[in-house]
Amino acid sequence: MRDYCIRTATPDDVDGARSVMLDTVYRDFGTGYVPRWHRDIIDLHGAYVAPARHTLLVAVDRRDDTVAATAALDARGPAHPPNPRHVAERYPSGETAQLRRVYVRPADRRQGLARRLVAGLLDFAAADGGYRSAYLHTDPSVPGAEAFWRSLGKAVHDEREEPGGGQGIIHFEVPLP
């Protein structure tokens with residue numbers, strides 16, 4: 001088993017984290033970079049590193065000091081639109097720790113990195129003291145995503161059950177420690 005360090009991203013980690021994220025949106029999502037969805041990936045410092053109540057965590061492979069996985073948290077609740085109104089109302093900005101960009105490079109999967117990163121995000125949110133809930137949404141067409149999030153939290157809305165299937169997204173709440 002490889003040896004990884006889970007830590008808050010440093011300025012030296014930002015390019016590696018961005019690479020993991022962009023590789024994921026191109027390879028796993030098949031969408032490529034879409035500014036309205038992925039703008040934060042370009043400005044990781046402004047989105048997650050600089051704001052006091054936000055964070056960017058990385059898993060770094062100790063063998064070569066490369067970023068193998070990422071996870072981010074911000075204080076912005078889901079927006080309506082595109083998310084359902086009742087989801088946006090349930091998870092307001094400022095009170096909601098939104099988990100984002102939990103991505104692991106394919107060669108580093110099945111090592112428990114995503115679970116360790118999410119635990120770090122939840123500890124960060126709990127230490128903040130101002131978050132009432134932790135929220136995320138996921139695309140269930142990404143292999144393993146739905147099962148992973150169901151193992152950690154509770155689905156609060158599955159858009160696939162809406163007439164027309166909505167965006168096909170599943171919305172989750174994960175308990176804070």
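Analyst: Welcome! Helices (H or I, at least four residues) and strands (E, at least two) are DSSP runs, numbered from the N terminus. Residues are numbered from 1 along each chain as its sequence is written, and side-chain values use heavy atoms, with hydrogens and water left out. This is a predicted model, in which local features need pLDDT of at least 70 and side-chain atom pairs count only at pLDDT 80 or more, while totals for chains, interfaces and linings use all residues.

User: Which residues does UniProt list for the N-acetyltransferase domain?

Analyst: The unreviewed UniProt entry lists residues 4-177 under that name; positions follow the numbering used here, feature names are shortened, and annotations may be inferred rather than shown by experiment. In the model, that span is 33% helix and 26% strand, and its end C-alpha atoms lie 23 Å apart.

User: How many salt bridges does the structure hold?

Analyst: Side chains of opposite charge can pair when their charged atoms come close. A salt bridge is counted when a side-chain nitrogen of Lys or Arg is within 4 Å of a carboxyl oxygen of Asp or Glu, and the structure holds 17. One of them joins Arg150 to Glu146, with their closest N and O atoms 2.9 Å apart.

User: Which pair links distant parts of the chain?

Analyst: Look at Arg109 and Asp28, whose closest N and O atoms are 2.6 Å apart in a salt bridge. Arg109 is in the loop between β4 and α5, and Asp28 is in the loop between α1 (14-27) and α2 (35-42), 81 residues away.

User: Is Asp13 buried or exposed?

Analyst: Buried means under 20% relative accessible area, exposed over 50%, and partly exposed in between (1.4 Å probe, protein chains only). Asp13 is buried because its relative accessible area is 3%. Its salt-bridge partner is Arg7, at 2.7 Å from N to O; Arg7 has 25% relative accessibility, so it counts as partly exposed.

User: Which residues of α6 are buried?

Analyst: In α6 (residues 145-152), they are Ala145, Glu146, Phe148 and Trp149. They lie on the same side of the helix because they cover an arc of only 160° around the axis, judged by the directions from the helix axis to the C-beta atoms. Their cover includes β4 (96-104), α5, β5 (133-138) and β7 (170-174). Trp149, with sequence neighbours within four places left aside, is in contact (heavy atoms within 4.5 Å) with Leu99, Val102, Val118, Leu136, Thr138, Phe172 and Val174.

User: How many residues has the largest nonpolar core?

Analyst: A nonpolar core is a set of buried Ala, Val, Leu, Ile, Met, Phe, Trp, Tyr and Cys residues joined through side-chain atoms within 4.5 Å. The largest has 27 residues, and Leu99 and Trp149 have the most contacts inside it. Helix α5 gives the most to this core, seven residues. A second, separate core of 16 residues includes Ala9, Ala17, Tyr48 and Leu56.

User: Where does His54 lie?

Analyst: You will find His54 in the loop between α3 (44-49) and β2 (55-61). His54 counts as buried because its relative accessible area is 15%. A polar atom of its side chain lies 2.8 Å from the backbone oxygen of Ala47. Beyond its neighbours within four places in sequence, His54 has contacts including Leu73, Phe124 and Tyr131.

Technical notes. Polar contact = N/O pair within 3.5 Å; in protein donor to acceptor, adjacent residues only side chain to side chain.
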